[in-house]
Amino acid sequence: MNNSLWLLNSNITFLNHGSYGATPIPVLNYQTYLREKLEQEPVDFMAQQLEPLLDEAREKLANFINIDSPNIAFIPNATFGVNTVLRSLYFKPGDEILITNHIYNACLNTVELVAKQTGAKVIIASIPFPLTSLEQIINPILDKVSSRTKITLIDHITSQTALIFPLEYLVKELSQRGVETLIDGAHAPGFLPLNLRKIGATYYTGNCHKWLCAPKGAAFLYVRPDKQSQIRPLIISHGANSTRSDRSRFLLEFDWMGTNDYTPYLCIPKAIEVMGNLFNNGWLGLWENNHLLARQGRDIICERLNICLPCPDEMIGSMASIPLPKLSVSGDKLYHDLREEFKIQIPIIPWGNEQYLVRISAQFYNNLEQYEYLIDVLSRYC
Ligand SMILES: Cc1ncc(COP(=O)(O)O)c(C=O)c1O
């Protein structure tokens, strides 16, 4: 395993970068340096140094995802981002919130709470998996748009099924129909070249602690400038009545949500640098490496376990979900045995009627032998 840059336990076959990421040692060291700086002079760090450091980190992240930096706010995670937008917007009874059946469970809970509190209706577009064409993603979503659709919450990369949705096209079509778009890009930063300007969503949230490999608790929320006055952080703090005129209310509110450890945000540039230095051609090299490994891993699993490829190659990036043949045990038992007996960390995900998916991740430290080992173990259960 090519893992000298990570603290990962070498006794574990770690095939689940997707859930929480894993942070390289140089980035963790930088975070320790920042935390020590904070503790040497806590008041000066929080009151004087933090804001310019946040601005600097924001600028670097904004360049990486191609957007103007004043339009992104740091937040701890994508769940926070989805909650922030949905709980800021005003919904009337009968307004429709359009989602898909591939939505992440935590975000579904948010949508359902907001709907219950406001009388809005949740409309679910049903997208099949396995699938063979982009139309099978696009048509179910567009078919569910009505004159009452206020917002569509769609994933950029789905969690259970690990599909890359055709976001640019969907956002364009939805905005032509007058529908706002909230994109859950929890996996996207560092997973694929992310270009927010090109996507053109109304709201976009993405995690930096997953595929960008920043420390845990580093994410962002993009809000289109004309919507920023409506979007308030979940935590109201000093920014709400600040008399400062040198910064937007949006940044004044989001940049300070009470005393906290803000160092994960400040480490984002370091993570971009460290991960971007793994290959001579930078991030492009890492994306090519991870995508190829995920595809090869998926293909050998499918071939050896006699499973049809569940989606076209272009729909996967650094993860791939594979529907498992009928199991001899429950999904929970399989997950338990993989973890406890075989020391493989990988999600086994319920999908549909008695169907389970296994989702592989491919990060720099993974290799094909690890998927071979997974196949040997899975074949005892399928
Ligand atoms: C699609 C999707 N949305 C949201 C999340 C939540 O991310 P976080 O726990 O960092 O908020 C995840 C986590 O895996 C996810 O896959």
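Which residues are around the ligand?

Analyst: This is a predicted model, and what follows rests on its coordinates. The shell around the ligand is made up of Asn77, Ala78, Thr79, Tyr104, Ile157, Ser159, Asp184, Ala186, His187, Asn207, His209 and Lys210. Sorted by class, six of these residues are polar, four are nonpolar and two are charged.

The side chain of Thr79 places an N or O atom 2.5 Å from an oxygen atom of the ligand. For His187, the distance from a polar side-chain atom to a ligand oxygen is 2.8 Å. Ser159 also has a polar side-chain atom facing a ligand oxygen, at 3.4 Å; the cut-off for a polar contact is 3.5 Å, so the Ser159 pair counts as one. As for cover, the ligand taken alone exposes 390 Å², and the protein buries 90% of that area. The site itself is the largest pocket, and the ligand sits in it.

One further feature concerns aromatic rings. The structure holds 15 aromatic pairs. One of them joins Trp6 and Phe364: the ring centres are 6.3 Å apart and the planes meet at 35°, so this pair is tilted. Trp6 belongs to the segment before strand S1 (13-14), while Phe364 is in the loop between strand S12 (356-361) and helix H14 (368-378). The pair therefore ties together parts that are 358 residues apart in sequence.

Note on methods
Residues are numbered from 1 along each chain as its sequence is written. This is a predicted model: local features need pLDDT of at least 70, side-chain atom pairs count only at pLDDT 80 or more; totals for chains, interfaces and linings use all residues. Side-chain values use heavy atoms; hydrogens and water are left out. A residue is near a molecule or strand if one of its heavy atoms lies within 4 Å of it. A polar contact is a pair of N or O atoms within 3.5 Å; within protein, one must be able to donate a hydrogen and the other to accept it, and residues adjacent in sequence count only if both atoms are side-chain atoms. Accessible areas come from the Shrake-Rupley method with a 1.4 Å probe; for residues, only the protein chains shown count as cover. On a 1 Å grid over the protein atoms alone, a cavity is a set of points where a 1.4 Å probe fits but cannot get out, and a pocket is an open set with protein on both sides within 12 Å along at least five of seven lines; lining residues have an atom within 4 Å of a point. A molecule sits in a cavity or pocket if more than half of its atoms lie within 2 Å of its grid points. Ala, Val, Leu, Ile, Met, Phe, Trp, Tyr, Cys and Pro count as nonpolar, Asp, Glu, Lys and Arg as charged, and the others, Gly among them, as polar. Rings of Phe, Tyr and Trp (its six-membered ring) pair if their centres lie within 6.5 Å; planes under 30 degrees apart count as stacked, over 60 as edge-to-face and the rest as tilted. Helices (H or I, at least four residues) and strands (E, at least two) are DSSP runs, numbered from the N terminus.
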